[in-house]
Amino acid sequence: MTTEQPALTSPPPEKLTSKRTRRQISAVATFLVTLFLTFLGLLAITFFIGRVIPIDPVLAVVGDRATQAQYDAAKIAMGLDQPLYMQFISYVGNVFTGNLGMSVSTGRAVAADLSRFFPATFEMATLGILIGVAIGVPLGVTAAARQGSWLDQAIRVVGLLGYSVPAFWLGLVGLAVFYARLRWVGGPGRLDIFYDGLVTPITGMILIDSLVQGEFDIFWNAVWHIVLPASVLGFFSLAYIARMTRSFMLDQLSQEFVTTARVKGVPERIVIWRHAFNPIRVPLITVIGLSYAGLLEGSVMIETVFSWPGIGNYLTTALLNADMNAVLGSTLVIGAVFIVINKVSDVLYRVLDPRAR
Amino acid sequence: MSSPLLEVENLRVSFPTHSGRVEVVKGLSFTLGRERLGIVGESGSGKSMTGRSILKLIRKPGEVTADKLRFEGIDILDQNEKQMRAIRGARISMVMQDPKFSLNPVMTVGEQIAEALVTHQKLGRKEVQQRILDMLVAVRINDPERVAKLYPHEVSGGMGQRIMIAMMLIPEPELLIADEPTSALDVSVQAQVLDIIDDLVTRKGMGLILISHDLALVSRYCDRILVMNAGRVVEECAAGQLDKAQHPYTRGLLAAMPVIDETRDELPVLDRTQWAGT
C-alpha cells in the first residue's frame with residue numbers, strides 16, 4: 001500500500017497525472033507478478049500431488065503385462081527418468097503450451113477434454129450464481145430491514161431449506177415436476193438430441209456459441225435445458241448469500257452513520273441501500289466469490305442428475321479410474337479459477353472501498 | 001421569549017427486557033424557546049434517549065409516550081414516518097457523538113453533506129456545490145474544495161465533527177440537538193467545535209439542546225440547564241446559577257469537579273442514598 005502524503009499545496013496538474021499514471025502502472029505490474037507467482041505455486045502443488053499419489057503413471061500407460069524393457073522405454077519417453085526439478089520445469093513448460101497429457105479414461109488429450117467439460121460447468125455455474133445473487137441479496141437485505149417480521153422468518157425458512165435439502169433430491173423433484181409433469185423446462189442434457197452437435201464450439205458455452213452463430217432455435221433450446229439445473233444451483237447459493245447478506249446488513253443497520261442518515265431525513269429505502277448496503281459490498285464480494293468458485297468446481301450430484309457433461313463428473317470419473325493427467329488437469333483448472341476469482345475480488349475491493357485504496 | 005419552539009410534557013421512553021418493560025426516561029418535562037438548553041447527566045440517565053425521541057428515532061421495540069411532545073405546534077407523536085422525514089434534518093437536526101462512526105465510510109464528505117441538503121431542497125448541481133463549500137467555510141474549514149472530496153477516514157476527529165455540524169446545519173433547521181458532540185474529541189479541539197456550534201446557532205437564531213455529561217462545558221455554552229439522573233430531571237436552573245443548585249445529585253457532581261490549583265487529595269464520591277429510591 002502506498003501511503004498518500006497530505007498535500008499542503010497541490011502540485012501542478014501535469015505532475016499529478018504522471019504520478020498517478022506511474023502509480024497505476026506499478027499497481028498493474030505488481031498485480032501481474034503476484035498473479036504469475038500464485039499460479040506457479042499452484043503448479044508446484046499439482047506437480048507435487050502428482051508425485052506423491054501412489055499411482056505409477058508409467059504402469060497406468062503401459063499396463064501391468066508390459067515387460068521391464070517396455071516399461072523402461074515408456075518411462076524415458078515420459079521423461080520420468082529426469083531429476084525432479086527438470087520434470088517440474090518441463091511440466092510448467094507443458095502447462096503453458098497447453099499440453100496436459102493424455103487422459104487414460106477418455107483416450108483424448110486432457111486439454112481437449114477440459115475445453116469441452118469446463119465450459120459446460122462454467123455456463124451453469126455462472127447462471128447459477130447470477131440467480132443466487134439476483135435473488136439472494138435482495139432477500140437478505142429485506143430480511144434485515146424487517147428483522148423479526150413474518151417476512152424475515154419466511155426468508156429464514158427458505159435459507160434453511162437451501163442448507164438442508166440434498167442437491168440430488170431437489171434436482172430429481174425439479175425434473176419430476178417442471179419437466180415430466182408441467183413441461184416448463186427441458187429434460188436432462190444441454191440440448192434436445194436433434195440439436196446436438198449443430199453449433200460449432202467456439203467458447204464451448206452453447207448459450208454464447210449459438211447466439212454468435214445466429215442459431216436462435218438452439219439458443220432457446222439451451223436456455224430451456226439450463227434453467228432448471230442452474231436454478232437448483234442458484235437456490236443453494238441463494239440460501240447462503242441471503243443469510244450472509246442479512247447478517248452483514250443487521251450489523252450495518254446498527255451503525256451510527258445509519259442513524260445519521262435517518263436524522264438527515266433520508267427516506268428509508270435510501271438509508272438501506274445507500275447507507276447500509278454500500279459498505280457491505282466488500283464482504284459480500286468475498287461471499288459471492290467463494291460460492292461462485294464452489295459452483296465452478298462442478299457439482300457431481302447436479303451433473304449426474306441432469307446428465308450435464310461438466311467438470312465435476314469428469315474429475316470424479318478420472319479419480320475412480322486413476323487417470324492422473326485428467327485429475328491434475330482438472331485440479332489445475334479449478335485452482336486457476338480460484339486464483340482468478342480472488343484476484344477479481346481484490347480489484348473490486350479497491351473499487352468499492354475507499355479505505356482499501 | 002417568543003412562543004416555545006419545543007414543548008415536552010411527561011415524556012416516557014421504555015424498552016422491553018426479560019423482566020418487563022424498563023423505563024429509561026421517566027416523565028420528562030421542559031419547554032424550549034430559541035435558546036440554548038443543556039441536558040447533563042451520567043451515562044444511562046436517559047439524556048440521549050430524550051434527544052432521539054424528539055426526532056422520533058427510537059426504533060421498535062422501544063416505546064415513546066408523552067402528554068405533550070410538540071415542535072412549533074406540531075405533535076411529533078402524531079406524525080407518520082413520511083411527515084417525520086420532512087421534519088428530520090430540515091427542521092430538527094442532530095449532531096452525533098463520534099465522527100469516526102457517525103459518518104458513512106464509503107461516501108465522500110461532500111456527497112454526505114449534499115445528501116442532507118438535496119433530501120429537503122430541489123437545487124441545481126452548481127448551487128448545491130456552492131452551498132456545501134460555503135457551509136464548510138462556515139465551520140472553519142480552510143480548503144473546502146479539497147475536504148469535500150475526502151472520505152471520512154482521511155480526516156481528523158475535530159474536522160470530522162465540523163463536517164458533521166456542516167451536514168446537520170446545511171438545511172438550516174430551527175432546532176439542533178447536539179448529543180455529546182465533543183466527548184470523542186481531544187480536549188484541545190473541544191472548545192473549537194463548541195464555539196462553532198455556538199456561533200452558528202446564535203447567528204441563525206436556532207434553538208439548541210446540548211446533551212453532555214460535562215457540567216462545566218454545558219454551563220459555559222448554555223442559557224439553561226437540566227440535570228438528569230435515572231430518567232428524571234432532578235434540577236433545572238439557569239446556567240449562571242448552577243452554584244445555587246439544590247438537589248444533592250447536582251451538588252455531588254459539582255463537588256466532584258476538580259479545580260485548578262486545588263489541594264484536595266481525593267475527590268468526593270457521590271452518595272446516591274440521598275436521593276435514589278431504587
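1. The model is a predicted one.

2. On overall size, the C-alpha trace of chain B spans about 60 × 50 × 45 Å along its principal axes. The radius of gyration of chain B is 19 Å, which agrees with the value near 19 Å that a compact globule of 278 residues would have.

3. On the inside of chain B, 50% of its 278 residues count as buried. Among the contacts in chain B with a separation of 6 or more, 66% are between residues 24 or more positions apart.

4. Chain B carries 34 positive and 37 negative side chains. The centres of these two sets lie 6 Å apart.

5. The next point is the interface. The size of an interface is often given as the accessible area lost when the parts come together. Between chain B and chain A, the buried area is about 2200 Å², and carbon and sulfur atoms give 60% of it. Arg85(B), Val106(B) and Glu115(B) supply 24% of the area that chain B buries against chain A, more than any other three residues. In total, 29 residues from chain B and 22 residues from chain A take part in the contact.

6. Is Glu174(B) buried or exposed? Glu174(B) has a relative accessible area of 17%, and buried means under 20%, so this residue is buried. Glu174(B) is found in a loop of chain B, between α7 (157-169) and β8 (175-179). Leaving aside neighbours within four places in sequence, the residues in contact with Glu174(B) are Leu5(B), Arg34(B), Phe71(B), Glu72(B), Arg91(B), Met206(B) and Gly207(B).

7. Thr203(A) also has its place in a loop, the one between α7 (167-181) and α8 (206-212) of chain A.

8. Not counting residues up to four places away in sequence, Thr203(A) touches Pro119(A), Ile208(A) and Asp209(A). Gly107(A) is 96 residues from Thr203(A) in sequence, and the distance between the two in space is 22 Å, C-alpha to C-alpha.

Definitions and conventions
Residues numbered from 1 in each chain as written. Chains lettered and ligands numbered in written order. Predicted model: local features only at pLDDT ≥ 70, side-chain atom pairs only at ≥ 80, totals over all residues. Heavy atoms only, no water. Rg over C-alpha atoms; globule rule 2.2 N^0.38 Å. Buried < 20%, exposed > 50% of the residue type's maximum accessible area, 1.4 Å probe, protein only. Contact = heavy atoms within 4.5 Å. Lys, Arg positive; Asp, Glu negative; His and termini not counted. Charge placed at Lys NZ, Arg CZ, Asp CG, Glu CD. Buried area = accessible area lost by both parts, 1.4 Å probe. Helix = DSSP H or I, 4+ residues; strand = E, 2+ residues; numbered from the N terminus.
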